[in-house]
Amino acid sequence: MKTIEHQGVVYQLPPCPSCGSNRKRCMRPSGHEAAEWHVARVQLFDEVNAELLPGSEPTA
Ligand SMILES: [Zn+2]
């Protein structure tokens, strides 16, 4: 399972909601690796990122 290390804490990234892949690449139905992540996985990754980096908004 892919992990993200942030400030010394290692987070696990859940598998792709579309294809169930927990590898670095999404999987096509044929079993080959896809060039890009599925949209659902990108959105999930963004949500995780937002949790890890709550201060991403500009702090003036
Ligand atoms: Zn996928």
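A residue counts as buried if 20 or more other C-beta atoms lie within 10 Å of its own. Keep that cut-off in mind for this predicted model.

**Start with the whole chain.** Select the protein chain. Buried residues make up 5% of its 60 residues. Look for 1 helix and 2 strands. Trace the chain along the sequence, and the pattern reads β-β-α.

**Colour by confidence.** The protein chain averages a pLDDT of 82. At least 70 is the score of 82% of the residues. Now compare the elements. Select strand E2, residues 9-12: its mean pLDDT, 70, is the lowest among the elements. Then select H1, which has the highest mean, 86.

**Stay on the helix.** H1 covers residues 39-52. Pick out Arg 41, which is in this helix. Is Arg 41 buried or exposed? Arg 41 is buried, because 20 other C-beta atoms lie within 10 Å and the cut-off for buried is 20 or more.

**Select the partners of Arg 41.** Set aside its neighbours within four places in sequence. Which residues is Arg 41 then in contact with? They are Cys 16, Pro 17, Ser 18 and Cys 26. Show these together with Arg 41.

**Zoom in on one pair.** Select Arg 41 and Cys 16. In sequence, 25 residues separate them. In space, their C-alpha atoms are 5.0 Å apart.

**Step back to the chain.**

How values were computed
Residues numbered from 1 in each chain as written. Predicted model: local features only at pLDDT ≥ 70, side-chain atom pairs only at ≥ 80, totals over all residues. Helix = DSSP H or I, 4+ residues; strand = E, 2+ residues; numbered from the N terminus. Buried ≥ 20, exposed ≤ 12 C-beta atoms within 10 Å, placed from the backbone. Contact = placed C-beta atoms within 7 Å. pLDDT = per-residue confidence, 0-100.
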